[in-house]
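Please look over the model shown here before reading the notes on its fold, its core and a few selected residues.

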Amino acid sequence: MSAFGTSNTANTPPKFEVAQPPTDGVSSLCFSPKANYLVATSWDNQVRCWEVMASGANVNTVPKASISHEQPVLCSAWKDDGSTVFSGGCDKQVKMWPLLSGSQPVTVAMHDAPIKELAWIPEMNLLVTGSWDKTLRYWDLRQQNPAFVQQLPDRCYALALRHPLMVVGTADRNLVVFNLQNPQTEFKRLVSPLKYQTRCLAAFPDQQGFLVGSIEGRVGVHHIDDSQSSKNFTFKCHRDGNDIYAVNSLNFHPIHHTFATAGSDGAFNFWDKDSKQRLKAMARCSNPIPCSTFNNDGSIFAYAVCYDWSKGAENHNPSTAKTNIYLHLPQEGEVKAKPRAATSGRK
């Protein structure tokens with residue numbers, strides 16, 4: 001266990017509300033890799049897209065389009081050219097939505113149980129999907145059947161990809177590492193360094209390791225190569241006294257390679273794993289943050305705020321259970337790594 005420096009007190013920065021948010025909880029957020037188009041999937045069976053326009057210190061959002069699934073939608077991803085959105089969920093299928101062309105969505109992937117995770121792999125021109133049916137499936141969009149089916153040890157809960165590295169988290173704390181240059185063989189399988197259920201993953205930008213977040217307010221920093229194991233550590237976060245909250249989202253900044261965590265305590269924080277510092281703590285929102293994401297240049301951080309049922313039906317208050325999506329404009333000092341003060345005595 002290695003504690004982070006926590007010199008920065010929480011503050012309440014200006015935040016911009018996304019217009020016409022979903023009517024139920026948000027399950028995923030993703031920005032186009034080419035432009036400021038934000039997509040959200042929701043438990044109201046919808047996939048929505050907004051155009052985000054930042055002008056100086058002000059941000060406006062315009063709802064652009066939406067499509068429907070037959071059941072709640074759990075995950076989303078953009079194609080690398082910014083033309084197309086993929087979405088999957090409880091109806092056990094992935095829809096491909098050619099958003100920019102205005103064409104109708106088509107079904108391109110199927111599973112035997114809800115689809116929890118998906119990602120587009122531009123280097124392979126394949127879509128990968130992870131399901132509660134305990135399989136990973138790779139899809140060539142020109143073919144009806146999967147190009148390859150990979151058995152998982154249990155239900156897929158989380159997936160992170162930074163080619164050639166892919167990490168899949170399943171039930172029972174399994175973490176399966178793949179080298180996508182040889183995707184049909186597991187590169188490594190390990191038990192999570194965290195003692196509780198895996199909630200989220202993020203691959204290091206340099207592909208040398210990954211972050212794993214659990215339901216028990218803790219994040220693990222893990223390197224793939226055993227020779228780097230001395231650099232592995234875990235740290236506590238998203239806690240308030242004796243109250244411990246899930247870490248729901250992990251996002252690396254695309255430029256500075258620091259990272260954000262967001263949790264069921266309603267807070268998001270920015271961290272630097274290399275200097276083991278928390279760069280910025282944000283004041284808590286009134287509801288949990290189930291998901292978050294940076295845009296392609298890291299100038300916008302989007303996060304959803306809504307009840308996540310982590311405290312059960314008895315804590316669901318329809319009058320306060322609003323769903324919102326907010327946009328935060330990170331200042332450089334919040335997300336750029338800072339050298340550790342020499343007085344700390346820690347390298």
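The briefing below goes from the whole chain to single residues.

This is a predicted model, in which local features need pLDDT of at least 70 and side-chain atom pairs count only at pLDDT 80 or more, while totals for chains, interfaces and linings use all residues. Residues are numbered from 1 along each chain as its sequence is written, and side-chain values use heavy atoms, with hydrogens and water left out. The secondary structure comes to one helix and 30 strands, where helices (H or I, at least four residues) and strands (E, at least two) are DSSP runs numbered from the N terminus.

**Overall shape and surface**

- Along the principal axes, the C-alpha trace spans about 60 × 45 × 40 Å.
- Buried residues make up 55% of the 347 residues, with buried meaning under 20% relative accessible area, exposed over 50%, and partly exposed in between (1.4 Å probe, protein chains only).
- The protein exposes about 15200 Å², of which carbon and sulfur atoms supply 45%; accessible areas come from the Shrake-Rupley method with a 1.4 Å probe, and for residues only the protein chains shown count as cover.
- Among contacts between residues at least 6 apart in sequence, 47% join residues at least 24 apart, a contact being heavy atoms within 4.5 Å.
- The mean positions of the 34 positive and 30 negative charges are 6 Å apart; Lys and Arg count as positive and Asp and Glu as negative, with His and the chain ends not counted, and the place of a charge is taken as NZ of Lys, CZ of Arg, CG of Asp or CD of Glu.

**The largest nonpolar core**

- The largest nonpolar core has 17 residues, and those with the most contacts inside it are Val26, Leu29, Phe31, Leu38, Val52, Ile325 and Leu327; such a core is a set of buried Ala, Val, Leu, Ile, Met, Phe, Trp, Tyr and Cys residues joined through side-chain atoms within 4.5 Å.
- At least two residues of this core are supplied by each of strands S2 (26-31), S3 (37-42), S4 (46-55), S29 (301-305) and S30 (324-328), and the largest share, three residues, comes from S2.
- Leaving aside neighbours within four places in sequence, the contacts of Phe31 include Leu38, Val52, Trp78, Phe294, Ala302 and Leu327.
- In soluble globular proteins, nonpolar side chains tend to be buried together.

**Gln150 and Gln184**

- Gln150 lies in strand S13 (residues 148-151) and is buried, with a relative accessible area of 8%.
- Gln184, in contrast, counts as exposed at 52% relative accessibility, and its place is in the loop between strand S16 (174-179) and strand S17 (186-191).
- Although Gln184 and Gln150 are 34 residues apart along the chain, their C-alpha atoms are separated by 6.8 Å.
- Not counting residues up to four places away in sequence, Gln184 touches Phe148 and Gln150, while the residues that Gln150 touches include Lys134, Leu136, Phe178 and Glu186.

**Backbone features**

- Most residues other than glycine have a negative phi, and most peptide bonds are trans.
- The peptide bond from His163 to Pro164 is cis, with omega near 5 degrees, and Pro164 is placed in the loop between strand S14 (156-162) and strand S15 (165-170).
- Lys92, which is not a glycine, has a positive phi of about 65 degrees; Lys92 lies in the loop between strand S7 (85-89) and strand S8 (93-97) and is partly exposed, with a relative accessible area of 36%.
- Gln207 also has a positive phi, near 65 degrees, and this residue lies in the loop between strand S18 (198-203) and strand S19 (209-214), where Gln207 is partly exposed at 31% relative accessible area.

**Asn58**

- Asn58 is found in strand S5 (residues 58-68) and is partly exposed, with a relative accessible area of 41%.
- Apart from residues up to four places away in sequence, Asn58 touches Phe16 and Met53.
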